[in-house]
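The sequence and the model come first.

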Amino acid sequence: DELRSAGADVVFDDWGNHTLRDLDRWVAGKRAVGRVPSYDCAVFDLDGVITKTAKVHSLAWKATFDDYLKKQQGSQFQEFTEQDYLTYVDGKPRYDGVQSFLQSRGISLPFGDKNDPAGKETVCGIGNVKNDKFLEVLASSGIEPYDSTVRLLRELRAAGLRVGVASSSKNCEYVLKTAGLLDLMETRVDGVVSAELGLKGKPEPDIFVTAAKNLGCLPARTIVFEDAVSGVQAGAKGQFGLVVGLAREHNEDELRSAGADVVFDDWGNHTLRDLDRWVAGKRAVGRVPSYDCAVFDLDGVITKTAKVHSLAWKATFDDYLKKQQGSQFQEFTEQDYLTYVDGKPRYDGVQSFLQSRGISLPFGDKNDPAGKETVCGIGNVKNDKFLEVLASSGIEPYDSTVRLLRELRAAGLRVGVASSSKNCEYVLKTAGLLDLMETRVDGVVSAELGLKGKPEPDIFVTAAKNLGCLPARTIVFEDAVSGVQAGAKGQFGLVVGLAREHNEDELRSAG
């Protein structure tokens, strides 16, 4: 939240399995926002997307299959697991799910008839047991919607965009009605409708295509929201304008591999503007790249030195405060580090923190001996502490960022580092990454050129200039709020916030 508030355009906690194609899409999407909306309607899966009934389904399936397997195999039976649910059943029509799971266990049963009594030894008979179990669990546990999805549904309707639900569930109408959400839906294509129309289940796109058609929308201008791999595959196969994967089971990689364009665990604080940007960006990919170069912060983005800095600052300030205040001193906290020091030039950080504690010291001279009671003297203690901690703990880079750096270079895109640290060259050299950088604008260079520190954009602008790139065609990668603010202030093509401290909202708010 802090990174978003500071101005980050895109926020996640690690580069992970994102690609250069994602970067291009985000830059292009950001440029496209402000035109006519890129989509006309949205179609939502039910379980795990609108309502928290996925767990109810999982429990009902488990009770059904465990009962059946115990009768067949006695004490030797292998229970139905959460992984079985996700792999063979989740998102599929009921009888397809039964058939898929039984085949995985080497069990072949006649399909039977959909009117078979619950418990009859057919695919349909077992499926009908599951429906009874589902209604039992639902009656005891109730129905809880995802608040963020309900907010999104209301915002879409208020904006004049069309909304529908496409689900394999035959209980879809009952669930929505019980949750008080049925009136929000302009169309419903569920297990009942699919049976009437002879629609194929996921991973075929039939139910989403039918829902879009009912809403008067083309698939290319329709967004699909799904939490199951089979549903995401259906959205991708149907060539929808955007497929949003909701990783409720922390299955981000599986959803991306299945074809999701955007993946997160909850709609959260995203907006309709984000949807527009993602759709526009997806359409724009495949042209000339939307950016020429990328500039990376060092600590917390390329290397895992943010914790080293935090420990060094804590040792520095705690020693100073103890001397000044004795046993009454209030220790330097992690929140102090993030608020007053993180991402700023060393002496600015000292001044900022001391002012927060009502302490005023002369600035002094940057050559002041470590420990002298000046801003510079205390800052020089911190540098010694940093090198001490670094020597004992070593330097570890983020593997995903190193992979991105190498991919950018291999693609002929320019790469540089912009950091407030005066130890930037030493850290990169020790980590074996100095040769990847085509320019380095750090604390040493900033002092020589008189550049202002973050949240001013000077170091990023200078790095882009050194690389021969315009800010509008440069991507900035940052983990600190002050750095994200600098990227936003410099009007860069894209500002990527890495929420290493779980501060997604702050980074988005920052820009």
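Helices (H or I, at least four residues) and strands (E, at least two) are taken here as DSSP runs, numbered from the N terminus. On that basis the chain has 23 helices and twelve strands. The model is predicted, so local features need pLDDT of at least 70 and side-chain atom pairs count only at pLDDT 80 or more, while totals for chains, interfaces and linings use all residues. Residues are numbered from 1 along each chain as its sequence is written, and side-chain values use heavy atoms, with hydrogens and water left out.

**Overall**

Along the principal axes, the C-alpha atoms fill a box of roughly 85 × 55 × 40 Å. Buried means under 20% relative accessible area, exposed over 50%, and partly exposed in between (1.4 Å probe, protein chains only). Of the 511 residues, 55% count as buried. A contact requires heavy atoms within 4.5 Å. Among contacts between residues at least 6 apart in sequence, 68% join residues at least 24 apart.

**Two helix pairs**

Two packed helices are described by the angle between their axes and the distance between the axes. Axes are lines fitted to C-alpha atoms, for helices over the stretch in contact, and angles run from 0 to 180 degrees between N-to-C directions.

| Pair | Angle | Axis distance |
|---|---|---|
| Helix 4 (residues 82-89) and helix 5 (residues 94-104) | about 120° | 9 Å |
| Helix 15 (residues 334-341) and helix 16 (residues 346-356) | about 120° | 9 Å |

Helix 15 is therefore oblique to helix 16. Angles under 35 degrees count as roughly parallel, over 145 as roughly antiparallel, 65 to 115 as roughly perpendicular and the rest as oblique. Helix 4 and helix 5 are likewise oblique to each other.

The crossing of helix 4 and helix 5 is right-handed. A crossing is called right-handed if the near helix is turned clockwise from the far one by less than a right angle, and left-handed if anticlockwise. Helix 15 also passes helix 16 in a right-handed crossing.

From helix 4, D84, Y88 and V89 meet G97, S100, F101 and S104 of helix 5. This contact has three nonpolar, three polar and one charged residues. Here Ala, Val, Leu, Ile, Met, Phe, Trp, Tyr, Cys and Pro count as nonpolar, Asp, Glu, Lys and Arg as charged, and the others, Gly among them, as polar. From helix 15, D336, Y340 and V341 meet G349, S352, F353 and S356 of helix 16. That contact divides into three nonpolar, three polar and one charged.

**Buried helix residues**

In helix 11 (residues 229-237), S230, G231, V232, A234 and G235 are buried. Their cover includes helix 10 (206-214), strand 5 (222-226), strand 6 (242-246) and helix 12 (252-258). After helix 11 comes Q239, with a positive phi near 55°.

Helix 21 (residues 458-466) has I459, F460, T462, A463 and A464 buried. Among the elements covering them are strand 9 (414-418), helix 20 (443-449) and helix 22 (481-489). Just after helix 21, G468 has a positive phi of about 80°.

S310 lies in helix 14 (residues 306-325) and is buried at 5% relative accessibility. Leaving aside residues up to four places away in sequence, S310 touches F332, E334 and Y337.

**Cysteines**

How many disulfides does a search of the whole structure find? With a disulfide defined as a pair of cysteine sulfur atoms within 2.5 Å, the search finds zero. For C172, the closest cysteine sulfur is in C41, 16 Å away, which is too far for a bond. C172 is buried at a relative accessible area of 0%, and C469 is buried at 9%.
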